[in-house]
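Here are my notes for your first read-through. Keep the viewer open and look up each residue as it comes along.

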Amino acid sequence: MKVVVVGGGFAGFAAAVRLQERRHQVVLLERRGVLGGRATSSRDSVTGEDVDNGTHLMVGAYRATLDLVRRAGACDLLWEQPELRLEWVDERGTAALACPALPAPLHLLAGLLGLRIPLSVKLQAIRFGLAVRLGRRPEGRTLAEYFAHCGQGSQARRLLWDPLALAILNEVPERSAAVLFHRVYQEAFLVDRRASRLVFLRRGWGVLLERIAGYFEGRGGRVVRGAHAVGLEVRQGRVVGVRCQLRAGAREAIAAGAPATPAVEPADAVVSAVPPRALLPLVPDGWQERPPFDALERFGAAPIVSVEMWLDRPVVDLVMAGLRDCEVEWVFDKGRLYGRSGAPQHLAFIVSAAYRSASKTNAELVGAAESALRRYFPAMRAARVERALVLRDPTATFSSTPELETVRPGPLSPVDGLFLAGDWTATGLPATIEGAVRSGEAAAKALGSGLVS
């Protein structure tokens, strides 16, 4: 069977690789020249280092993603913590959640007891963990409502929960769905201590996607870059192909303004692995009013802003740190992750759910990052910023509200032979790389379960 996958992000490649391993003929169409979708990277023209379109982080609970990386032979790009260690900095110094090698959830309990936070906050955190482990799923509630139900005060939220929730959900607790945080907490902290370990990339995300693409193509798959899907070919209720515009591939042709060429990629089945608002234009007239397509416009977006900065000397002595009470919430030492030490120090800062930050100027955002460094890292007093980049993604993730949880679709669609994938589908997870990979594999499984005649 020939299957066309639309979208070259993690969801698309997860579906494509699984289908290929089941001996289907698979063609993957990607609109851009680079792979990865919302988790990609490019090479900085000045420093030559990888710059992500937003620093994404994995944990050991990303079992489907890590399995995909292993199958693609790309484990050399990963750096995994031996045990979970998560650090925050403030005026008092560094506070570390350092979890020892104990069975879950005892490893987390030991880490909380050693964390520099008030005893009352530790007790509230234990109460929250018991609620997640023993209580009911918080269906229909916001995370803020669930925190209040579990007795989490303002101090516990400021010191623990809100920074984690923003990073995991890319949405504020007052808007986000509690069931998503509940699910992540269960999978990461309550099952296996190894699931909570942080997993970093030694290169940019685009490099990892290229390795996965190489694995796919090496086994006979075909990746068509510059193929902008513009519609589905549907006959008698069944998808038979994808209409697309093929952009010129050669740099000379692109520079000369060569027009795109219309084409149709025939298919026995199609997996759409694009965001909701990109899927809707592909659906033919007469189908857009039918579920789940009729709910696609209800998917709101949440922005992420990131700042890449190069300093003339090392200032941050941690691979990753949370920055308490700062506009920029996390800082990563990208140079160290990429295997380089010394000057220039390459740092990346992240602002999640960046509704207010996204409208600020580049100078203001770089200033906020520099201010955070001067506030918490004494070595910054003598340091100089050599280069800075600001990256904005206004639609980085879907806005994970309780209302949206009721309309996230599964892999099936009313169009025979069309299957849906993407982190926005009903994975039970927030908009994460793991959710994307699981969605792609769910679409491949549905397609292979005799659902295509």
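Is T40 buried or exposed? Keep that in mind as you start on the points below, and remember that this is a predicted model.

1. **A threonine in a loop.** Find T40 in the loop that runs between β2 (25–30) and β3 (41–43). Its relative accessibility is 6%, so T40 counts as buried. The cut-off you need for this step is that buried means under 20% relative accessible area.

2. **What surrounds T40.** The side chain of T40 comes to 2.5 Å from the backbone oxygen of L35. If you set aside the neighbours within four places in sequence, T40 is in contact with R32, V34, L35, V51, D52, N53, W205 and G206.

3. **Helix α2.** Next, move to helix α2, which covers residues 63–71. Its buried residues include A64, T65 and L66, and also L68 and V69.

4. Which residue does D67 meet in a salt bridge? The partner is R18, and the N to O distance is 3.4 Å. D67 belongs to helix α2 and R18 to helix α1 (residues 10–21), so this pair ties together parts that are 49 residues apart in sequence. D67 has a relative accessibility of 24% and therefore counts as partly exposed. R18 is partly exposed as well, with a relative accessible area of 22%.

5. Is E187 buried or exposed? At 17% relative accessibility, E187 counts as buried. R63, on the other hand, is exposed, with a relative accessible area of 51%.

6. **A salt bridge between strands.** R243 and E233 form another salt bridge with their side chains, at 3.1 Å from N to O. Here R243 sits in strand β12 (residues 238–246) and E233 in strand β11 (residues 227–235), ten residues apart. R243 counts as partly exposed, because its relative accessibility is 32%. Elsewhere, salt bridges that share partners join R18, E21, D67, R71 and E441 into one network. How many salt bridges are found in the whole structure? The search finds 43.

7. **The sheet around β12.** Strands of a sheet pair through backbone hydrogen bonds, either parallel or antiparallel. In this model, three strands form an open sheet in the order β11-β12-β13, and the pairing is antiparallel. The edge strands are β11 and β13 (261–266), since each pairs on one side only. From one strand to the next, the twist averages 25 degrees.

8. **A closer look at one pairing.** How many bridges join β12 to β13? There are six, and the two strands run antiparallel. To see one of the bridges for yourself, pick V242 and look for its partner in β13, which is E265.

Key
Residues numbered from 1 in each chain as written. Predicted model: local features only at pLDDT ≥ 70, side-chain atom pairs only at ≥ 80, totals over all residues. Heavy atoms only, no water. Helix = DSSP H or I, 4+ residues; strand = E, 2+ residues; numbered from the N terminus. Buried < 20%, exposed > 50% of the residue type's maximum accessible area, 1.4 Å probe, protein only. Polar contact = N/O pair within 3.5 Å; in protein donor to acceptor, adjacent residues only side chain to side chain. Contact = heavy atoms within 4.5 Å. Salt bridge = Lys/Arg side-chain N within 4 Å of Asp/Glu carboxyl O. Pairing = 2+ DSSP bridges. Axes fitted to C-alpha atoms, helices over the stretch in contact; angles between N-to-C directions.
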